[in-house]
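The following note sets out several points for a student reader. Please keep the sequence and the model in view while reading.

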Amino acid sequence: MKKYQLKLQEKIEKTLDNWEAQHTVSYDELYRFLHSIAGTGSSIGLPQHSAEARGKLELLAPDKEEWAYEEVFNYLKDTVLVERKSKEILSVNADPSLVLIISEDGSYLAYLKRSLEEQGFMVTGALSLEKGNQFFNDQKPECVILVDPNKATVNAAELSALSQKLWTEIVPVMVLSERSSLEAQNQAYKNGVTDYFVKPVHMSELTVRILNRIKLRSIFERSLMYDDLTGVFNRRYLRLEGTRQLELFHRYDTMFSLVLLDLDFFKKINDTYGHLTGDDVLKGFADFLTSKKREGDLVIRLGGEEFVLLLPNTNKYQALQMVDRFRIGFQELPFISEETTFHVTVSAGISEVAKDISKIEELSDQADKALYAAKRAGRNKALIYNPNEVYEIEHVVTICIVDDNEVVRDVVEDELKKIVVQGSVFRILTFESGEDFLQSDWYQPRQKFLIVLDRMMPEVDGLEVLSYIRLNFPELDILVVMLTGKSNEEEIVQALNAGADDYITKPFQPDELRARIQRLLQRTLL
């Protein structure tokens, strides 16, 4: 990242030197200069460059066709674009936390910005919630300060949108307000505010609180955004960062590609060499991708043996070249189990962002279709998604019946075997205890699951199994139906609160159970 930061700073200094030598600068030259920095800075760890360049762009008067160099320098002199030299840029931008201040009072915003920068923070500011939302999407601050968000001039819809993003991404938000009533403070905390300060604010306390909250966020983020086994990002991070990349694409046309990678015959590796060796293969693959990727590329584990590469500023053909290098390089790595050496191959599907893509899941689905085609074509290859191709996709749904009562298991299994849905294949597994289920290899990536789960079981009960499922596996791919006691409303409430999609009370009519589960499958998983 530092290499790219230096390159940008060298480009800035070279452009300014050229302008100084030619004495005059056209409007188009200045516009392109600022536009380039606005679109590049955040991507290489220089968010303040992006923010200040974008701010100057918005104030640029198109009717002024020619500028003297001195005018350009004076126009930019209050920005990092001309104040900092290469070495200073790296020291300032490499480590400090970014704080976003949103205030309609420009004087107070400038005062806060100056005060926090003196404490070592990197600070950017917005004079409206609309701009604040934009800066938040572009720059990913570690903390947000809202000044007087209760004013009548505040856009309620923008405030609600920002609050939702802050809550979803676990970003601490601090309110600085003139309102001192307990009612106002309690309402702020209900809305997700981390800290509430009544003006005037003591800067020493504000600084300590910001540092404290950013540190806590880092701890939470580490536990929620990273995969425990491999140390790379997890599915939750893909949803957040993928959504951000999509927003940048639709706003600035910043291209990116998504690659879905799957280790070939991984179940056979587990069956042959054991789960510990399988874990070593997963960690080895994650380490390999991390060591070979470029700065800015993201490695994400979806679950099981399935990984994602998120590649900013990369089209599908560039992604294919990169993935082929990775694929060939990884298959040459030896893995050792006792006295046996073996190698592992990888299949991949690639999709490129397009204007008609509105959700990251759509891009992931396209890559999944290309991956499935690569598997059907013999594995150990990467294919690009082609929108004009008809992909032969067969939905595989695994139904797991977990109940300690053998009779109930048999009845449920017999009924569910009767379910037929065109284009789908059903695989039924039965387990006599929650512990047997959790210790099995029931989960397979790129498949859908229906789990019929008894609430009351010895040792590991249904609620414990359900909590484990929701904590460790993708919720959208797994439908859980809880079997509960007929008159026990408390059981039903507990099941739904824990993440069950539906419940069926015992005793039940077998044909009614089959019909109900078939409707659930067709409406949710298929």
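1. Helices (H or I, at least four residues) and strands (E, at least two) are DSSP runs, numbered from the N terminus.

2. The model is predicted: local features need pLDDT of at least 70, side-chain atom pairs count only at pLDDT 80 or more, and totals for chains, interfaces and linings use all residues. Residues are numbered from 1 along each chain as its sequence is written, and side-chain values use heavy atoms, leaving out hydrogens and water.

3. Lys-375 and Asp-262 form a salt bridge (2.6 Å, N to O), that is, a side-chain nitrogen of Lys or Arg within 4 Å of a carboxyl oxygen of Asp or Glu. Lys-375 lies in helix H16 and Asp-262 in strand E9, so the pair ties together parts that are 113 residues apart in sequence. Both residues are buried (under 20% relative accessible area, with exposed over 50% and partly exposed in between; 1.4 Å probe, protein chains only).

4. A salt bridge also joins Arg-209 and Asp-195 (2.6 Å, N to O). Arg-209 is partly exposed at 27% relative accessibility, whereas Asp-195 is buried at 2%.

5. An open sheet of 5 parallel strands runs in the order E4-E3-E5-E6-E7, where pairing requires at least two DSSP bridges. Its edge strands are E4 and E7.
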